[in-house]
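Okay everyone, thanks for coming. Let me put today's structure up on the screen, and then I'll walk you through it.

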Amino acid sequence: MERGRLAAYVREVDRARFLLGVTITRRALGRRFSLLAASVSLDRTCTECGKPHGKVRAEGVELSVTHSGDLVGVAFGERPVGLDVEKVDAGVDVDGVARVALSADDVRALAEYDGIAKARAFTAYWTRREAVLKATGEGLRGELRGPVPAGIQVQELDVGADHRAALAVVSAEPPVVRIEDATQLLS
Ligand SMILES: CC(C)(COP(=O)(O)OP(=O)(O)OC[C@H]1O[C@@H](n2cnc3c(N)ncnc32)[C@H](O)[C@@H]1OP(=O)(O)O)[C@@H](O)C(=O)NCCC(=O)NCCS
Ligand SMILES: [Zn+2]
């Protein structure tokens, strides 16, 4: 059930994004497993505390859900996946946040950029890190500033100028990635 999770989202916009993620997940898995969307069983039990705010899981497939700004994304895979999208915030204090959230290499690379290009580059690095932590299931409890652990493949996805997105897969081999617009699934 989604009700416990829905109740935790306070802002209407967050509730709408959450419900869109749920609908995409249910319809895509319904199609894949020949089930009614409503019959797809999803589990978001947090492995830390048991509340329904953990990584969403379903039988027979690996999943990752993300929402930010105007975008909602769901990744499906055979291996554990982590998908993260973030809207680029032109006003972000890149130098301040990068120092605590990114590696020294990332911080150095960001010094090459200015203005909106810097905000975009920061967001790209940040989504790569979050995607990795979402693939392993650690989330922001995990190590943010270290190198990408061996056995995790991470790549940036092109989602236009206003957002940055990254996909991580727990796999020794680079994954084959297919991107599908969910519009048809939602119509
Ligand atoms: C997961 C996390 C990185 C997502 O951050 P975000 O960029 O704000 O949000 P996104 O929209 O990209 O992702 C949200 C989705 O992440 C998933 N998620 C939650 N916890 C997760 C975890 N530990 N690992 C992977 N995915 C997780 C959920 O499916 C959630 O979607 P939903 O609310 O629609 O079910 C961050 O919220 C986090 O680290 N949470 C866990 C922190 C923690 O462990 N707390 C302990 C609580 S007891
Ligand atoms: Zn918890």
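Let's start with the zinc ion, ligand 2: along the sequence its donor residues follow the spacing C-x2-C-x3-H. The protein donors themselves are Cys46 through SG, Cys49 through SG and His53 through NE2, and they sit 2.0 to 2.3 Å from the zinc ion. A donor here is an N, O or S atom within 2.8 Å of the metal (3.2 Å for Na, K and Ca), and water is not among the atoms, so sites may look incomplete. The zinc site is tetrahedral, with angles of 103 to 120° among its four donor atoms. For four donors, tetrahedral means that all angles lie between 85 and 135 degrees.

Before I go further, some housekeeping. This is a predicted model, where local features need pLDDT of at least 70 and side-chain atom pairs count only at pLDDT 80 or more, while totals for chains, interfaces and linings use all residues. Residues are numbered from 1 along each chain as its sequence is written, chains are lettered from A and ligands numbered from 1 in the order in which they are written, and side-chain values use heavy atoms, with hydrogens and water left out.

Buried means under 20% relative accessible area, exposed means over 50%, and partly exposed is in between, using a 1.4 Å probe and protein chains only.

Now zoom out. The domain assignment, which is automatic or from a database, gives domain 1 as residues 1-60 and domain 2 as 83-178. Their centres, taken over C-alpha atoms, are 24 Å apart.

Next, ligand 1. Which residues come nearest to ligand 1? There are 23 residues around ligand 1, and Tyr9, Thr66, Gly137, Leu140 and Arg141 come nearest; to count as near, a residue needs a heavy atom within 4 Å. On the polar side, His67 has a polar side-chain atom 2.9 Å from an oxygen atom of ligand 1. Val65 puts a backbone N or O atom 3.4 Å from an oxygen atom of ligand 1, and Gly137 puts a backbone N or O atom 2.8 Å from a nitrogen atom of ligand 1. The protein buries 77% of the 900 Å² that ligand 1 exposes when taken alone; those areas come from the Shrake-Rupley method with a 1.4 Å probe.

Ser64 lies in strand E1, residues 62-68, and is buried at 2% relative accessibility. The Ser64 side chain reaches the backbone nitrogen of Leu83 at 2.9 Å. His163 lies in strand E5, residues 163-170, and is also buried, at 4%. A polar atom of the His163 side chain lies 3.0 Å from the backbone nitrogen of Asp70.

Then there's Ser34, in the loop between helix H2 (12-33) and E1. Ser34 is exposed, at 67% relative accessibility, and its phi is near 50°, a positive value in a residue other than glycine. Most residues other than glycine have a negative phi.

Last one: Thr136, in helix H5, residues 115-136. Thr136 is partly exposed, at 37%, and its C-alpha atom is 22 Å from that of Phe122, 14 residues away along the chain.

How values were computed
Four donors count as tetrahedral if all angles lie between 85 and 135 degrees; four count as square planar and six as octahedral if opposite donors are over 155 degrees apart and all others between 65 and 115; anything else is irregular. A polar contact is a pair of N or O atoms within 3.5 Å; within protein, one must be able to donate a hydrogen and the other to accept it, and residues adjacent in sequence count only if both atoms are side-chain atoms. Helices (H or I, at least four residues) and strands (E, at least two) are DSSP runs, numbered from the N terminus.
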